[in-house]
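User: I'm new to protein models and would like to learn how to read one. Could you walk me through it?

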Amino acid sequence: LGIPFEGEDSAVAVIDTGIDAATPGFRGRVARGRNVITNGPADDDLAGATNGHGTLVAGVIAQFVPQATLQP
């Protein structure tokens with residue numbers, strides 16, 4: 001992969017409460033995804049933007065691979 005690996009041309013799946021796509025640090029990198037509970041889009045966090053575990057996990061991933069697409 002090369003060191004450091006920036007994540008270009010790759011995606012990282014986050015299987016969690018969803019990812020809040022409106023989070024400024026994600027800069028439009030969140031794919032639409034699918035919410036298996038509501039069968040709707042998963043580009044919003046079911047637990048809320050401030051308490052959502054999926055958004056928190058996606059933030060950690062974004063620090064390590066800053067150019068990867070985040071797939072909820």
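Analyst: Let's go through this model feature by feature. It is a predicted model, with residues numbered from 1 along each chain as its sequence is written. Local features need pLDDT of at least 70, side-chain atom pairs count only at pLDDT 80 or more, totals for chains, interfaces and linings use all residues, and side-chain values use heavy atoms, with hydrogens and water left out.

User: Okay, which helices and strands does the protein chain have, and in what order do they run?

Analyst: Helices (H or I, at least four residues) and strands (E, at least two) are DSSP runs, numbered from the N terminus. Here you get 1 helix and 2 strands, and from the N terminus on they run β-α-β.

User: How much of the protein chain counts as buried?

Analyst: Buried means under 20% relative accessible area, exposed means over 50%, and partly exposed is in between (1.4 Å probe, protein chains only). Of the 72 residues in the chain, 32% count as buried.

User: Which residues make up the largest nonpolar core?

Analyst: A nonpolar core is a set of buried Ala, Val, Leu, Ile, Met, Phe, Trp, Tyr and Cys residues joined through side-chain atoms within 4.5 Å. The largest one has 10 residues: Val14, Ile19, Phe26, Val30, Ala58, Ile61, Ala62, Val65, Ala68 and Leu70. Helix α1 (residues 53–64) gives the largest share of this core, 3 residues.

User: Let's zoom in on one of those. What is Ala68 in contact with?

Analyst: Contact means heavy atoms within 4.5 Å. If you leave aside neighbours within four places in sequence, Ala68 is in contact with Glu6, Gly7, Ser10, Val12 and Arg29. For the chain as a whole, take the contacts between residues at least 6 apart in sequence: 74% of these join residues at least 24 apart.

User: Next, pockets. What lines the largest pocket?

Analyst: On a 1 Å grid over the protein atoms alone, a pocket is an open set of points where a 1.4 Å probe fits, with protein on both sides within 12 Å along at least five of seven lines; lining residues have an atom within 4 Å of a point. In this model 14 residues line the largest pocket, and Asp16, Gly18, Arg34, Asn35 and Val36 lie nearest its centre.

User: One of those is Asp16. Where does Asp16 sit, and what does Asp16 touch?

Analyst: Asp16 is in the loop between β1 and α1, and it is partly exposed, with a relative accessible area of 34%. Not counting residues up to four places away in sequence, Asp16 touches His53, Gly54 and Val57. The C-alpha atoms of Asp16 and Gly52 are separated by 8.9 Å, though these residues are 36 apart along the chain.

User: Where is Pro41, and what is Pro41 in contact with?

Analyst: Pro41 also lies in the loop between β1 (11–13) and α1. At 37% relative accessibility, Pro41 counts as partly exposed. Leaving aside neighbours within four places in sequence, its contacts are Arg32, Gly33 and Asn35.

User: Last one: which residues have a positive phi, such as Asp9 and Asn39?

Analyst: The general idea is that most residues other than glycine have a negative phi. Asp9, in the segment before β1, has a phi near 60 degrees. Asn39, in the loop between β1 and α1, also has a phi near 60 degrees. Asp9 is exposed at 84% relative accessible area, and Asn39 counts as exposed at 55%.
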